[in-house]
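Please consult the sequence and the structure shown below while reading.

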Amino acid sequence: MDAVASKRGKQTARNMFLSTLVTAACAGVIYIFVPHDENLDPIKAVDFSVELATVRVAAPYPVAAPEGLPEKWKPTSVSYDSTGGKAWHIGFLDPDGKYVAVEQSTAAARTYVPQVSQKAKDTGTTAKVAGREWQVWEGEKYDALVLPEKGHTTVVTGSAPRERLVEMAEALRTEPAGGAVPSASPAS
């Protein structure tokens with residue numbers, strides 16, 4: 001009986017080794033034939049034109065979106081929350097891969113701005129951008145330019161340097177609530 005058990009034990013070990021070898025060979029073949037390019041950018045650009053047109057009809061304020069930014073700016077996210085604060089969001093990666101977002105809402109600025117700017121705080125200073133006085137907010141993660149307006153607040157925020165936030169704010173164009181003809185003037 002011991003000879004039979006010894007033979008089975010050797011066969012089991014041999015079979016496990018062969019199974020492992022076959023599994024590794026299959027994994028190697030799959031790896032070779034599955035395309036992979038480490039140089040591809042994993043973040044896909046989004047087309048926000050349909051959402052923008054829809055929100056410009058639905059929002060109770062003039063919706064801001066950039067026009068004329070260089071192609072190296074990549075739109076990465078877009079959303080509109082029709083409940084509560086009627087929040088419009090459009091996110092971008094700047095040419096250096098830093099994040100910049102345009103946020104608008106009817107929510108109270110004192111709670112909304114810290115929320116979308118990762119707890120940035122008002123510095124008490126302003127910056128003139130595209131003929132408008134924007135509040136300058138700074139934070140550990142994000143800085144922000146804030147434009148409080150009647151009935152809503154516009155925020156340009158992100159991890160990008162202030163020059164990029166200014167570039168985005170300068171590119172913003174609005175369309176009055178209800179979907180009228182777009183204006184070529186700075187955010188209003």
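Lys-119 counts as exposed, at 67% relative accessibility, where exposed means over 50% relative accessible area, buried under 20% and partly exposed in between (1.4 Å probe, protein chains only). The model is predicted, so local features need pLDDT of at least 70 and side-chain atom pairs count only at pLDDT 80 or more, while totals for chains, interfaces and linings use all residues. Residues are numbered from 1 along each chain as its sequence is written, and side-chain values use heavy atoms, with hydrogens and water left out.

**Loop between α3 and β5**

- Lys-119 is placed in the loop between α3 and β5; helices (H or I, at least four residues) and strands (E, at least two) are DSSP runs, numbered from the N terminus.
- Although Lys-119 is not a glycine, its phi is positive, at about 70°.
- Gln-118 lies in the loop between α3 (109-116) and β5 (121-129).
- Gln-118 likewise is not a glycine and has a positive phi, of about 55°.
- With a relative accessible area of 35%, Gln-118 is partly exposed.

**Aromatic pairs**

- A pair of aromatic rings is described by the distance of the centres and the angle of the planes.
- The structure holds 3 aromatic pairs; rings of Phe, Tyr and Trp (its six-membered ring) pair if their centres lie within 6.5 Å, and planes under 30 degrees apart count as stacked, over 60 as edge-to-face and the rest as tilted.
- Phe-48 counts as buried at 15% relative accessibility, and Phe-92 is buried with a relative accessible area of 3%.
- Trp-73 and Phe-92 also form an edge-to-face pair, at 6.4 Å centre to centre and 75° between the planes.
- Because Trp-73 lies in the loop between β1 (63-66) and β2 (74-81) and Phe-92 in strand β3, the pair ties together parts that are 19 residues apart in sequence.
- Both Trp-73 and Phe-92 are buried.
- Phe-48, Trp-73 and Phe-92 form one aromatic cluster.

**Sheet and helix arrangement**

- Strands of a sheet pair through backbone hydrogen bonds, either parallel or antiparallel.
- An open sheet of 7 strands runs in the order β2-β3-β4-β8-β7-β6-β5, with antiparallel pairing; two strands pair if DSSP finds at least two bridges between them.
- The edge strands are β2 and β5, each of which pairs on one side only.
- From one strand to the next, the twist averages 20°; axes are lines fitted to C-alpha atoms, for helices over the stretch in contact, and angles run from 0 to 180 degrees between N-to-C directions.
- β3 pairs with strand β4 (residues 99-105) in the antiparallel sense over 6 bridges.
- Within this pairing, Phe-92 stands opposite Val-100 in β4.
- α3 lies across β3, β4, β6 (132-138), β7 (143-149) and β8 (152-158), running at about 20° to β8, where contact means heavy atoms within 4.5 Å.

**Helix α2**

- Ala-53 is found in helix α2 and is partly exposed, with a relative accessible area of 47%.
- Ala-53 and Val-63 are 10 residues apart in sequence and 9.5 Å apart in space, C-alpha to C-alpha.
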